[in-house]
Amino acid sequence: MKRLFLLLCSGSACQSSGALAVKQALVEAITEQGLTEEVQIVETGCMGPCELGPILLVYPDGVYYVRLKPADVREIVTEHFLKGRPVRRLLWTAPAPEPRTIPFFARQMKIVLGNCGQIDPEKIEEYIAVGGYEALARVLTEMTPEEVIAEITRSGLRGRGGAGFPTGKKWQAVREARGNPKYVICNADEGDPGAFMDRAILEGDPHSVLEGMAIAAYAVGAEKGYIYVRAEYPLAVKRLEVAIAQARKMGLLGPRIFETDFSFDIELRMGAGAFVCGEETALIASIEGKRGEPRPRPPYPATFGLFGKPTLINNVETFANVRHIILRGADWFANIGTETSKGTKVFALAGQVKNTGLVEVPMGITLRELIFGVGGGVPEGRRFKAVQIGGPSGGCLPESLLDVPIDYESLKKYGAIMGSGGVIVLDDTSCMVNVAKFFLEFTADESCGKCVPCRVGLRLMLSILERIARGEGTEEDLQQLEDIGHMIQSTALCGLGQTAPNPVLSTLRYFREEYLAHIQEKACPAGVCPALIHYEIQGELCRACDLCRRACPTGAVQGTPRNPPYSIIQDRCIRCGACLEACPFGAVVKIPGRKG
Amino acid sequence: MTVEKKAILQKFPRSPDVLLSLLHALQRTNPQNYLTQEDLKLAAEYLGLPLSRVRDAVSFYTMFSLKPRGRHIIRVCESPNCHLAGAWSVVEELKKTLGIEVGQTTPDGLFTLELTSCLGACGVAPVMMVDDEVFGNLTPERVREILRGIRGAG
């Protein structure tokens, strides 16, 4: 009889911090102690708090071991598993009867991520044991396609990939479109920097996506589906391959599912490193084996999609919501969230925030609750400055907007977007000009080059930002940034271009004085832009230890050992900061603005 | 055509839409991680596509290479989260230890250093991938350790 169940997070993040080595050490120590009959190890998908990995959740005690090293494992096995005394120094929090009372989890509402970290994603039996494929069975045996679409429409579910188009309406359009065959595509080309919820769902609960796709296929009248997944996600690819094979073997994909007339099968397609392929028309071109370039819409994929046939494209998280709506009803779903944004949304918290990782919260909670409640706020001694939400298509919102509710409309109103749910918290060490420049470098680089506003316009904006960061900007530049930005927004061919100016426009809107400091005072207040800072050595703190002089790559530091103070020759200094890092006494300081 | 490549081709249906998957498979069989002119011709003939169509697709996607690369491809994430967490010190360390610039291959043919957009492991930034394996919470010391490990394993 198994007495203890060990849930070991095996998501990509935990694997990268050594989860597999921990597993091997666990197996060895458990075997050594003769506990193999009593302890079961389950490799699960992402549990959420990635920076604490590798993570081990032990049931029935309900305790989390965090930041595990293989060397810690023997102690846990002998002390905890054998003698029943949890190793406190390795625990996340004191033992609690219910792990969900930990603040990080307490404010979350896990629906889409419900199975992630709870089941073994490579065993279809575990998915079925928690109600998996029940929704598909109910749909195929008790509902007509029209009823399914009506239920999804009534739930108020909107696309989780970014734009927030009503899912039911999209399904209806594909159902009504003329042409055969029809296709269902899952957009798993997650590429927004800072967003990794789709990866976690694919790695942690792949069957929920397959089930959502099958239900959608029944509703729109398709028999074939494709999942287009990034080649950068090999673990997700592997788990999807396993899941598809298992579902086929059990007859949950393939001909005559649940002995009905409905047949549906799914093929995997891998990308090859092109961000723009997340755009639906580019994605379709890529599945067809072509360059992944977008084309003008209309016609929309609903009428003219893959191979010119009616095609439904939804994102991973959207499909993962479907089974819950069918099982628990549209009313239940519509009760969560706000008037126009229903259900939950998964966010990827990152940047200068205590708890980084994946979180799922009801729509409509405020940015403050998300960042300070769930995320635990910025680390000690730092000050919150802005939150970048929605990735390269999103915007930066300041502290004064922290009480804005998170829903599609509110975020858009203030110049950000929901996007796929990447949230980057920035503190006072971040320069907003630099952040805007960074995102623009990304989109300018990923622009496919097909339309002029995006190809040329983004480059123009970038060159202006670079000028400002060098201290050569003028006030007219700000007006020009806004003009070009608005022009790109209204004329670019696809979503990539139309939203690419957002990071610049939103920082101009809320952090204009920081741009002006770069232009008028030739100073970077956050001390980031190298051309607009300088370093000095504070004579009274200098002990003439010579470390700074030795660290300097350009010979800009002057002085004689044991004869303070040292000084910096500003003309030679390249402002790399090596002297500041080398100084053990805090005598080197970084000062905004050029010398003099 | 080598026996190995013939075996790869036969795994795919002769349908133009499998082009990217086929190219991935062909690139993987080459120890130097790139597509040869021969590979492009094979893919074009097998799928009944003009050679220009195949080249057109290959040149669009960053993960395909027409130049020989190292046995292991190191891809450092250059997205904002990794950038904020110090990805540049990781790149500098890699450049120094490997003695190459981004985009180059070590003289022993073991490593190619590349940058990549978000790898989706932002919770453990900065992050890099070596072939299919993700490494997170990188520091210059950890980078040296990882490289030593791979060199040791051959």
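Tutor: Leaving aside neighbours within four places in sequence, B:Val127 is in contact with A:Ser16, B:Cys77, B:Cys82, B:Leu119, B:Ala121, B:Val134, B:Phe135, B:Gly136 and B:Leu138. Two residues are in contact if their C-beta atoms, placed from the backbone, lie within 7 Å. This is a predicted model: local features need pLDDT of at least 70 and side-chain atom pairs pLDDT 80 or more, while totals for chains, interfaces and linings use all residues. Residues are numbered from 1 along each chain as its sequence is written, with chains lettered from A and ligands numbered from 1 in the order written.

Student: Which residues touch the most other members of the largest nonpolar core?

Tutor: In soluble globular proteins, nonpolar side chains tend to be buried together. A nonpolar core is a set of buried Ala, Val, Leu, Ile, Met, Phe, Trp, Tyr and Cys residues joined through C-beta atoms within 7 Å; buried means 20 or more other C-beta atoms within 10 Å of the residue's own, again placed from the backbone. Here the core has 224 residues, and those touching the most other members are A:Met213, A:Ile215, A:Ala216, A:Val229, A:Ala348, A:Val423 and B:Val127.

Student: In what order do the strands of the open sheet in chain B run?

Tutor: Strands of a sheet pair through backbone hydrogen bonds, either parallel or antiparallel. Pairing requires at least two DSSP bridges between two strands, and strands are DSSP runs of E, at least two residues, numbered from the N terminus. In chain B the order is 2-1-3-4, with mixed pairing. Strand 1 (residues 72-77) and strand 2 of chain B run parallel, joined by 6 bridges. B:Cys77 stands opposite B:Thr116 in strand 2 of chain B.

Note on methods:
A residue is buried if 20 or more other C-beta atoms lie within 10 Å of its own, exposed if 12 or fewer, and partly exposed in between; C-beta atoms are placed from the backbone. Helices (H or I, at least four residues) and strands (E, at least two) are DSSP runs, numbered from the N terminus.
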